Amino acid sequence: AGVIKSPMDEPAADGAALLDSVHAFLGRFVAYPSEDAHVAHTLWIAHAHLMDAWDSTPRIAFLSPEPGSGKTRALEISETLVPRPVEAINATPAYLFRKVSDPEGAPTILYDEIDTLFGPKAKDNEEIRGILNAGHRRGAMAGRCVVRGKIIETEELPAYCAVALAGLGNLPDTILSRSIVVRMRRRAPSEFVMPYRRRIHAPDGHLLRDRLAAWAAQIGSAVAAARPEMPTGIEDRNADVWEALLALADAAQGDWPGRARVAAVALVALAKAGSPSLGVLLLADLRKVFGDHDAMSTESILEALQKLDEAPWADLRGKPLDARRLANYLKPYGVASRTVRIGDATPKGYTRENLFDPWTRYLP
């Protein structure tokens with residue numbers, strides 16, 4: 001572990017060495033599920049010091065199926081390293097709006113127990129969810145209504161800021177698609193991290209925070225103009241998520257450009273494989289049951305889908321998938337049933353030709 005040096009002991013301009021120090025500090029206290037997640041967290045913390053340089057900011061989401069998996073610890077360590085941290089648990093919308101609108105600079109919001117925003121009381125948290133959804137873009141505003149006397153007025157408040165989230169289970173796709181997702185897990189008996197004591201270890205984190213701020217001041221204009229090369233397969237929204245982190249890695253030099261791109265490819269692939277929507281899952285299973293067929297009747301498709309191991313089609317909320325629900329699931333993808341020829345019969349069904357386009361667009 002070693003002792004964290006003061007900012008004067010190492011030039012702030014040595015970006016690779018500085019990121020190495022942050023990486024080592026995080027690894028003392030957080031058991032990551034992979035080295036890719038460790039690298040991503042390091043870069044995300046550094047990116048929070050350069051919010052004026054980015055067009056968009058990725059959220060980082062520490063999620064796990066069970067408590068005691070290190071999610072809260074990841075936020076606690078982040079708090080010592082990021083600028084103007086705000087630890088939000090059960091924070092009111094008014095509090096967050098005022099923090100994000102602070103003229104001294106946008107905060108870094110560290111929101112624990114984020115799953116509580118999307119449970120049975122989700123409707124009570126629409127304003128906070130609005131900040132989380134809209135605030136990934138620079139210049140984004142969150143609109144709301146304000147009652148002044150008998151007059152209802154609208155107002156727009158800044159929503160753009162860096163956000164780290166931690167919670168159980170999953171999050172809505174609108175947030176996951178804008179996030180670097182780290183699937184935390186409980187430590188195995190063979191995995192060891194140091195116990196974190198804020199009064200003892202926070203000063204080391206604060207020294208690193210100050211060095212990150214000094215480095216950010218030096219490279220701000222360069223990274224704002226940077227257009228980092230994306231690895232193959234990182235495009236569209238995933239490119240928006242990773243652009244800031246890859247630009248930082250390129251500015252740091254050393255082995256960080258390569259490490260960042262390996263992490264980007266691995267974590268994006270993991271996110272894509274993680275939890276497809278029911279519609280995408282249906283398209284994938286249809287591709288399985290079609291095999292070499294050019295057309296299949298609806299009856300044959302339903303029978304084949306319901307026989308697939310570990311597939312949900314035999315029991316969707318207590319009932320098997322039927323022709324009506326099959327049609328409703330496929331309609332948004334531009335696929336409709338039609339009369340097909342199967343031997344001498346002409347039942348209603350679906351064709352490979354109609355399914356080919358959504359298979360190409362939505363399946364790897």
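A polar contact is taken here as a pair of N or O atoms within 3.5 Å, where within protein one atom must be able to donate a hydrogen and the other to accept it, and residues adjacent in sequence count only if both atoms are side-chain atoms. The model is predicted, so that local features need pLDDT of at least 70 and side-chain atom pairs count only at pLDDT 80 or more, while totals for chains, interfaces and linings use all residues. Residues are numbered from 1 along each chain as its sequence is written, and side-chain values use heavy atoms, with hydrogens and water left out.

The side chain of Thr-108 reaches the backbone oxygen of Pro-83 at 2.8 Å. Thr-108 lies in strand β3 (residues 108-111); strands (E, at least two residues) and helices (H or I, at least four) are DSSP runs numbered from the N terminus. Thr-108 counts as buried because its relative accessibility is 1%, buried being under 20% relative accessible area, exposed over 50% and partly exposed in between (1.4 Å probe, protein chains only). Beyond four places in sequence, Thr-108 touches Trp-44, Ala-48, Val-82, Pro-83, Arg-84, Pro-85, Val-86 and Ala-162, contact meaning heavy atoms within 4.5 Å. The C-alpha atoms of Thr-108 and Ala-162 are separated by 4.9 Å, although the two residues are 54 residues apart along the chain.

A nonpolar core is a set of buried Ala, Val, Leu, Ile, Met, Phe, Trp, Tyr and Cys residues joined through side-chain atoms within 4.5 Å. The largest such core has 60 residues, and Trp-54 and Trp-242 have the most contacts inside it. Helix α8 supplies the largest share of this core, 9 residues. Apart from neighbours within four places in sequence, Trp-242 is in contact with residues including Ile-180, Met-230, Leu-267 and Val-268. A second, separate core of 22 residues includes Leu-63, Ile-109, Tyr-111 and Ile-131.

Pockets were located on a 1 Å grid over the protein atoms alone, as open sets of points where a 1.4 Å probe fits, with protein on both sides within 12 Å along at least five of seven lines; lining residues have an atom within 4 Å of a point. The largest pocket has a volume of about 1,200 Å³, a volume being the space filled by probe spheres set on the points, which are joined across faces, edges and corners. Its lining comprises 31 residues, of which Asn-238, Ala-271, Lys-272, Ala-273 and Pro-276 lie nearest the centre. Helix α9 gives the most to this lining, with 8 residues.
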